[in-house]
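Look over the two chains below before reading on.

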Amino acid sequence: MLFRRIALAVFVLLLAVLPLAPVPEFWITQANYIGLYTLVVIGLVLLTGVAGLTSFGQAAFVGMGAYTAAYLTLTYGVSPWLTVWIGLAITGVAALVLARITLRMSGHYLPLATIAWGLSLFYLLGNLDFLGKYDGLLGIPALTFFGQSLSTGRSFFFLLWIIVVLAAIAVTHLLDSRTGRAMRAVKGGTTMAEAMGVDTFRVKVTAFVLAALLASVSGWLFAHFQRTVNPSPFGLNMGIEYLFMAVLGGVGHVWGALVGAGVVQILKDQLQVWLPKLMGTSGNYEIIVFGVLLVLMLQYARDGIWAFVEALLPRVRRKVDWADAAALPARAKPAHGEVVLDVRAVRKEFGGLVAVNDVSFNVRAGEILGLIGPNGAGKSTTFNLVTGVLPATRGEVTLLGRRIDGARSREIARQGVSRTFQHVKMIATMTVLENVALGAHLRGRHGVPAAMLRTDRAEERALMKEAERQLQRIGIGELMHEPAFNLALGQQRLMEIARALAADPTLLLLDEPAAGLRLKEKESLAGVLRQLRGEGLSILLVEHDMDLVMGLVDRVVVMEFGTKLIEGTPEEVQASPAVRAAYLGTEH
Amino acid sequence: MDLSTAGILLLDGVTNGAVYGLLALATVLVFAVTRVIFLPQGEFVAYGALTLALLQLGKVPGTVWLLVALAAIAALLDLVDAIRRGLPAAQLLRGLLRTLLLPAVVAAATVWAAPQKFPLLVQSALALAIVTLLGPLVYRLAYQRLADASVLVLLIVSVGVHFALTGLGLVFFGAEGFRNPPFWDARFAAGPLMLSGQTLIIFAAALALIVGLYLFFERTLRGKALRATAVNRLGARLMGISTSSAGQLSFGLAAFMGALSGLLIGPTTTIFYDSGFLIGLKGFVAAIFGGLASYPAAALGALLVGVLESFSSFYASAFKEVIVFTLIIPVLLWRSFQHGHDDEEE
């Protein structure tokens with residue numbers, strides 16, 4: 001951490017003295033372009049690297065910021081210090097509208113939409129009379145700062161790079177926060193994040209709008225730096241180049257944005273000098289190199305240049321600063337023996353197939369109910385019906401007397417239902433501790449501004465304290481600083497349980513928690529579950545390990561072909577001929 | 001607007017729509033088989049038209065050298081791969097031959113034929129052959145290694161390929177545009193409409209290709225293998241279908257359809273090195289109509305795009321691209337409401 005702080009300080013210092021040193025004007029100009037592009041690419045890192053959304057249309061948002069500044073300053077003489085906010089407002093609203101339309105779409109439809117409106121905006125700008133058509137707007141005044149004109153590249157440099165460094169730091173802060181974890185969680189799919197109570201749509205919209213706002217600021221600066229605007233820097237090609245910068249630098253790292261923007265800008269400049277000489281005519285031949293390089297990067301070094309730098313840097317270990325943090329507020333517990341979950345005649349049909357056939361059961365406070373059955377019996381589907389991942393065809397599910405069937409997954413999570421997954425769903429690059437903290441998402445409330453300004457630290461410490469407590473409880477506290485991908489499968493399952501517990505649930509649903517665990521681990525897991533039961537938690541357990549199930553649960557529900565076969569104590573169930581027939585077949 | 005203007009616009013739109021339809025079908029085909037969203041489909045259009053234009057001038061088009069270079073790189077990669085895996089020499093040679101033979105033959109034929117200024121049809125066949133062979137090589141070099149990557153990664157690769165192919169187009173063909181001679185310069189009056197021979201050829205070629213594709217997919221083993229790959233890649237692999245060959249075949253078909261489209265519209269409009277992208281994207285908008293999955297919906301979408309374009313160029317010519325590309329957003333919205341959420345990837 002210290003090393004990184006020093007590196008950042010040295011970098012800022014270098015930036016501060018660069019314009020004062022006798023550096024040729026050419027390099028100052030280059031550095032200014034790099035700064036302008038870095039701002040946009042930081043947004044792309046947030047959008048693509050973190051939230052897993054791809055946009056080829058960032059150049060269009062830059063254009064909105066630039067044209068707003070240019071038009072308002074030239075036509076109405078509005079102060080640039082006002083137009084930046086107007087530009088942000090216009091871009092923000094446009095991004096919000098586009099996000100609400102396009103982010104509902106799955107996977108690849110979003111980037112396709114960004115291509116379409118990137119092209120549309122380009123042709124629109126090029127054909128509107130009041131924006132000067134393809135010639136654009138000329139004679140934009142330079143910025144003035146407390147009477148000081150920023151008309152030279154050197155004076156502009158300071159303002160630009162202060163903004164760039166602040167943006168980079170703010171986004172770094174954001175990534176290390178409750179909202180940042182939620183953003184990472186939406187990357188691989190929404191089921192897990194929703195089960196943790198994250199409003200994934202909202203998180204995606206947030207990332208999209210933030211990226212657009214950064215682009216808009218870049219556009220405002222661009223207009224006052226270049227002093228003219230025309231449609232070509234805001235077309236699809238530039239949008240693609242921004243993405244290229246992100247991929248080249250490393251789409252998962254904020255500082256990768258700077259590296260990507262720097263390398264591309266310098267490369268482009270050199271190529272524009274050399275390639276036309278080579279070809280004998282002028283033209284934008286550099287896109288050949290860019291295109292080939294982009295393909296090669298994706299084939300051989302998908303994590304970008306910064307990933308190599310990151311590998312050399314000492315690994316950041318989170319400082320344990322939450323020892324005296326306040327405990328998170330806890331949920332009121334139901335009385336022992338009260339019915340917590342009541343499933344009444346729930347049915348799920350997939351087309352003609354009845355996956356769950358009018359199944360009923362209930363779980364009481366302080367009770368572990370085992371749900372067993374051969375593969376394909378409908379156990380996981382039942383799980384998904386209870387947790388709102390799938391809507392039931394009919395039937396009723398109530399939690400503490402409140403209907404939850406038909407509610408969204410995150411709403412059910414808010415009511416106190418927490419779960420693990422049959423196939424572990426985690427954020428592999430985050431540490432175990434951060435993964436578990438995601439489980440406590442609903443117990444925090446701070447959002448983007450607080451994270452960027454670091455006013456969320458008290459809450460963050462409380463979240464980390466809770467995450468550590470759950471890890472200790474489940475017996476893997478010593479692994480908390482490991483990246484999740486380093487864990488063995490059994491440990492990952494335990495981590496999921498800790499994550500579920502971090503939500504302070506009333507009802508815990510465990511989907512095959514013992515799969516991949518060794519005997520010792522199973523025994524300690526059983527111990528933890530007994531202890532949780534003793535604390536009044538209700539647990540619904542799907543598991544194939546009969547030794548574990550029979551020695552642990554209070555009651556068992558057996559399912560076969562989507563239908564409930566029998567319900568009873570472990571002894572009753574083990575004695576039942578019907579259960580034996582379901583598992584082992586009948587004798588002939 | 002009177003009826004005859006409307007008729008002319010409609011005919012114009014449907015003609016362009018037929019070409020967009022071919023591109024849309026190719027896009028759907030490639031996506032179904034490889035999950036690649038092949039944005040550079042349009043580049044093949046420009047390559048086809050401009051390769052023919054250079055042949056018309058009696059010059060050897062640069063696309064030939066691209067073909068040779070790509071084949072050589074592919075062969076080199078195959079060689080490295082074969083040595084690493086310790087394949088027997090005979091198998092290695094057979095593989096190299098398969099990669100190099102056709103490109104070499106076509107390149108040699110072009111170099112020999114170009115200065116002789118053969119009739120238009122011969123030159124067209126040559127142009128088709130050159131561009132069609134580029135397709136599998138593009139798949140081999142850009143996508144094959146990433147065949148199991150997510151759709152998004154493949155899409156970014158497509159963007160890279162688009163950049164590279166456009167830039168190379170500038171190298172090969174220069175910044176000037178070309179307009180090819182028509183294949184058939186007859187004209188027929190049908191009421192107030194003038195039907196040109198070229199229009200008829202466009203319709204006939206589009207129809208023939210659609211029927212041909214239908215027969216290919218329904219009647220031939222290779223076609224069925226492609227369909228199987230489209231339905232389930234792993235399953236197809238387990239049945240002994242090579243997904244790499246399926247990918248290369250689908251790209252070959254896409255390149256053929258792109259080049260053919262280029263030959264078809266070459267005489268009706270001036271084609272520049274970078275004209276292909278916009279044309280391809282319009283085919284793409286059409287393919288979105290079918291959710292990148294339905295051939296008939298894509299074809300219908302193409303007609304709609306063509307007609308919308310011709311009418312908007314009449315009413316608001318400056319904004320015709322804006323109108324056509326903004327159309328994609330409501331269509332995407334409609335598709336996404338139909339399909340709901342399904343983004344459990346990776």
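In this predicted model, helix H3 of chain B has these buried residues: Thr63(B), Val64(B), Leu66(B), Leu67(B), Leu70(B), Ala71(B) and Ala74(B). Helix H2 (41-56), helix H4 (89-113), helix H5 (120-143) and helix H6 (151-173) of chain B are among the elements that cover them. An α-helix has 3.6 residues a turn, so residues three or four places apart point the same way.

How does the length of H3(B) compare with what its residues should span? The helix covers residues 62-85, 24 residues in all. At 1.5 Å a residue they should span 34 Å, and the end C-alpha atoms are 35 Å apart, so the two values agree. Just after H3(B) comes Gly86(B), with a positive phi of about 65°.

Chain B also has a hairpin, made by S1(B) and S2(B). Strand S1 (residues 187-190) and strand S2 (residues 193-196) of chain B are antiparallel and share four bridges. Arg187(B) has Ser196(B), in S2(B), as its bridge partner. Two residues lie between the strands, and Gly191(B) takes a positive phi near 65° there.

**Where the chains meet**

The contact draws 40 residues from chain A and 42 residues from chain B. On the chain A side, the elements giving two or more residues are helix H4 (80-102), helix H5 (109-125), helix H10 (236-249) and helix H12 (286-300). H5(A) gives the most, with ten residues. By class, this side of chain A has 24 nonpolar, 15 polar and one charged residue.

Now take one residue of helix H10 of chain A: Phe244(A). Is Phe244(A) buried or exposed? It has 24 C-beta neighbours inside 10 Å, so it counts as buried. Neighbours within four places in sequence aside, Phe244(A) is in contact with Val264(A), Phe290(A) and Leu294(A). Val41(A) is 203 residues away from Phe244(A) along the chain, yet their C-alpha atoms are separated by 9.3 Å.

**Domains of chain A**

Chain A is divided into three domains, as tabulated here.

| Domain of chain A | Residues |
|---|---|
| domain 1 | 2-312 |
| domain 2 | 336-416 + 505-588 |
| domain 3 | 428-502 |

The C-alpha centres of domain 1 and domain 2 of chain A lie 49 Å apart. Seven residues of domain 1 of chain A contact six residues of domain 2 of chain A. The domain 1 side of that contact has three nonpolar, two polar and two charged residues.

**A sheet in chain A**

Six strands of chain A form an open, mixed sheet, in the order S8-S9-S10-S5-S11-S12. Which strands stand at the edges? They are strand S8 (417-419) and strand S12 (563-568) of chain A. Each has a single partner strand, so one side of each is left without a neighbour in the sheet. From one strand to the next, the twist averages 20°.

Strand S11 (residues 555-560) of chain A runs antiparallel to S12(A), and five bridges join them. In this pairing, Met559(A) stands opposite Lys564(A) in S12(A). Helix H23 (residues 577-584) of chain A packs on the sheet, where it touches S11 and S12 of chain A. The direction of H23(A) makes about 135° with that of S12(A).

Conventions. Residues are numbered from 1 along each chain as its sequence is written. Chains are lettered from A and ligands numbered from 1 in the order in which they are written. This is a predicted model: local features need pLDDT of at least 70, side-chain atom pairs count only at pLDDT 80 or more; totals for chains, interfaces and linings use all residues. Domain bounds come from an automatic or database domain assignment. Two residues are in contact if their C-beta atoms, placed from the backbone, lie within 7 Å. Ala, Val, Leu, Ile, Met, Phe, Trp, Tyr, Cys and Pro count as nonpolar, Asp, Glu, Lys and Arg as charged, and the others, Gly among them, as polar. A residue is buried if 20 or more other C-beta atoms lie within 10 Å of its own, exposed if 12 or fewer, and partly exposed in between; C-beta atoms are placed from the backbone. Two strands pair if DSSP finds at least two bridges between them. Axes are lines fitted to C-alpha atoms, for helices over the stretch in contact, and angles run from 0 to 180 degrees between N-to-C directions. The expected span of a helix is 1.5 Å times one less than its number of residues.
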